[in-house]
Amino acid sequence: MPQEVSTREAYGKTLVELGRENPDIVVLDADLSRSTMTQLFAREFPGRFFDCGIAEQNMVGIAAGLAASGKIPFASTFAVFVPGRCFDQVRMSIAQPRRNVKLVTTHGGISVGEDGTSHHAIEDLSLICSLPGFTVIVPADAIETAQAVRAAATTYGPFYIRLWRPKLPLVNGEDYHFKLGKAVTMRQGADATIIAIGTMVAVALEAAEGLKRQDIDCRVLNMPTLKPVDEAALIKAAVETGAIVTAEEHLEHGGLGSIVAQVLAKRQPVPMEFVAIKDTYAKSGTSAELWQRYGLTAKDINKAVHTVIRRKK
Amino acid sequence: MPLSEGKNSLSMTSANNAKAEVFSSVASLAEMEAIAKRLRRHIITMTGKAGSGHPGGSLSAVEIITVLYFRVLRHKPKDPCWRDRDRFILSKGHAAPLLYAALAECGYFPVDELLTLRQLDSRLQGHTDCTLTPGVEMSAGALGQGLSFAIGVALAGRLNLQDYRVYVLLGDGECDEGQVWEGAMAAAHFKVDNLVAIVDNNGQQIDGWNRDVMNLEPFNKKWEAFGWHVLEVDGHDLAQLTQAFEQAKLIKGKPTVIIAHTIKGKGVSFMENNPDFHGKAPNAKEVEIALRELE
């Protein structure tokens with residue numbers, strides 16, 4: 001079992017490093033700095049940290065104003081509150097004018113668990129990907145998180161990065177090199193490709209191991225940059241394996257599956273299946289219980305791969 | 001310098017030769033009165049030509065904008081992104097015709113361009129778009145967002161040890177938006193004293209009088225309770241406005257709000273206090289009458 005490391009902690013530590021390197025880095029939070037781990041930055045740079053209280057709309061606006069004046073603001077809260085609670089502010093104060101604001105949210109998906117529906121972020125990727133100009137990243141582990149945060153800090157434009165409450169198994173080695181906008185081949189394979197983001201990358205790798213024992217040779221792609229998506233990698237996977245399964249901790253509508261399907265419908269249509277939450281709200285439970293209840297396990301991916309391979313001509 | 005002895009460094013007839021110089025305009029009251037009239041005429045002409053737009057809430061804020069752009073702000077019309085400029089942020093983005101008129105009169109872009117308002121490919125969008133128009137700091141129109149943005153700009157000035165000041169114009173109806181009060185709380189909490197909010201308090205919103213649609217009173221007490229220094233002026237009195245902006249510069253440790261009591265549609269008889277002209281342009285006949293009144 002690979003080591004499990006917190007993506008939030010990786011974020012907090014990276015913010016501190018960035019803060020030391022660049023005095024223009026500033027950080028905002030909405031009364032969740034102990035959970036998002038922006039408190040690490042706040043402790044070292046209290047003058048460059050702004051706790052906006054429980055007021056996400058205002059936080060987004062202040063971040064936009066700081067960015068318009070040459071600062072590089074990172075604004076954080078839970079993924080269920082940004083962009084959902086302040087969508088119009090993200091749209092008009094950040095996206096339209098292309099402000100250099102980095103929205104980094106934690107507690108993505110349903111792995112938040114016991115807090116229940118009000119805290120499950122299952123629409124955030126759909127909302128944020130709908131906004132022109134946003135770069136959207138969903139890291140799969142702490143190593144990728146640290147590098148993605150660094151890439152956001154050094155690349156101009158609005159970014160959304162979605163992190164996680166539970167610690168995640170490391171799926172990348174220390175020699176991993178995150179490339180913005182590029183898919184990562186986690187495993188080669190010829191019969192079908194599983195494309196996954198975030199928590200589902202580790203689950204996809206587990207599923208691929210199981211499929212191997214059933215003589216099915218699956219490719220696994222990690223797609224950390226959800227937008228702009230790596231079209232070339234998608235087309236290559238479709239051409240070479242002829243079947244695609246997407247896996248994400250998000251509603252089926254509007255996330256990874258929708259984005260991949262749109263690209264392939266235009267460029268290289270192949271049979272597809274979608275492992276995601278099906279048009280419903282999840283309830284309270286442990287992460288593991290919820291993944292099982294809402295169809296986000298290796299077993300669900302296995303089933304989807306079998307289905308999609310049957311549909312191959 | 002007494003207000004009446006003001007001197008405008010900018011020729012009023014050839015506003016475009018300011019180059020990248022600081023616009024150190026200290027227009028006199030008489031000059032500002034003339035400018036205000038011109039801005040009103042532009043608003044009528046522009047919205048009339050466009051066939052749509054928001055004349056009412058533009059006309060009510062004419063004196064506020066005149067004093068800011070021709071007396072208070074330190075800015076360079078030929079260098080709109082000048083790092084040390086004072087920032088003016090129009091939060092009530094539907095008053096775009098007024099802002100465009102002032103920017104054109106200062107020389108940010110040709111006055112002729114005002115007639116392209118709301119046309120396809122124009123730099124002058126129906127509501128402000130900072131990606132298109134020189135001198136526009138923020139894309140607005142979705143109400144309630146300007147104060148938060150202004151706080152960020154003010155905080156950046158403090159962090160960068162820059163001495164620019166930030167002015168943000170809100171509508172009174174706009175203060176229905178909860179975000180305004182999130183911002184009001186935060187501005188006082190962060191003690192941003194390089195920030196001045198001005199409320200164009202014309203008493204009306206689209207559906208009628210504020211007091212009938214959504215009562216804001218006691219309005220000044222609300223701002224006070226949120227920790228602001230509150231000034232109240234007649235928003236059509238150039239001298240009172242000028243003095244209020246000067247006073248605001250002396251207030252330290254807290255933000256200042258200037259509640260400017262105004263009349264929606266001010267200056268055009270049939271538009272005054274008439275909510276119909278919130279979002280309706282004058283027709284050709286009405287333009288003619290209005291311009292005659294504004295001679």
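I count two residues as in contact if their C-beta atoms, placed from the backbone, lie within 7 Å. I am working on a predicted model, in which local features need pLDDT of at least 70, side-chain atom pairs count only at pLDDT 80 or more, and totals for chains, interfaces and linings use all residues. Residues are numbered from 1 along each chain as its sequence is written, while chains are lettered from A and ligands numbered from 1 in the order in which they are written.

**Entry: the contact of chains A and B**

I looked up the contact and found that chain B gives 19 residues to it and chain A gives 22 residues. On the side of chain B that touches chain A, the elements giving two or more residues are α5 (146-159) and α6 (178-189) of chain B, where helices (H or I, at least four residues) and strands (E, at least two) are DSSP runs numbered from the N terminus. The largest share of that side, 10 residues, comes from α5(B). By class I note 10 nonpolar, 8 polar and 1 charged residues on this side of chain B; Ala, Val, Leu, Ile, Met, Phe, Trp, Tyr, Cys and Pro count as nonpolar, Asp, Glu, Lys and Arg as charged, and the others, Gly among them, as polar.

**Entry: the domains of chain A**

I took the bounds from an automatic or database domain assignment, which gives domain 1 (4-169) and domain 2 (184-310) for chain A. The centres of these two domains of chain A, taken over C-alpha atoms, are 25 Å apart. In chain A, 28 residues of domain 1 are in contact with 27 residues of domain 2. On the side of domain 1 that touches domain 2, the elements of chain A giving two or more residues are α6 (124-129), β6 (135-137), α7 (142-154) and β8 (168-169). I list that side of domain 1 of chain A as 15 nonpolar, 9 polar and 4 charged residues.

**Entry: backbone details**

I found a cis peptide bond between V82(A) and P83(A), with omega about 10°, and P83(A) sits in the loop between β4 (72-78) and α5 (87-95) of chain A. Another cis peptide bond joins K227(A) and P228(A), with omega about -5°.

I also noted that D279(A), although not a glycine, has a positive phi of about 40°, and that D279(A) is exposed, with 8 other C-beta atoms within 10 Å. The term is set by that count within 10 Å, with C-beta atoms placed from the backbone: buried at 20 or more, exposed at 12 or fewer, partly exposed in between. L161(B), also not a glycine, has a positive phi of about 55° and lies in the loop between α5 and β2 (166-171) of chain B.
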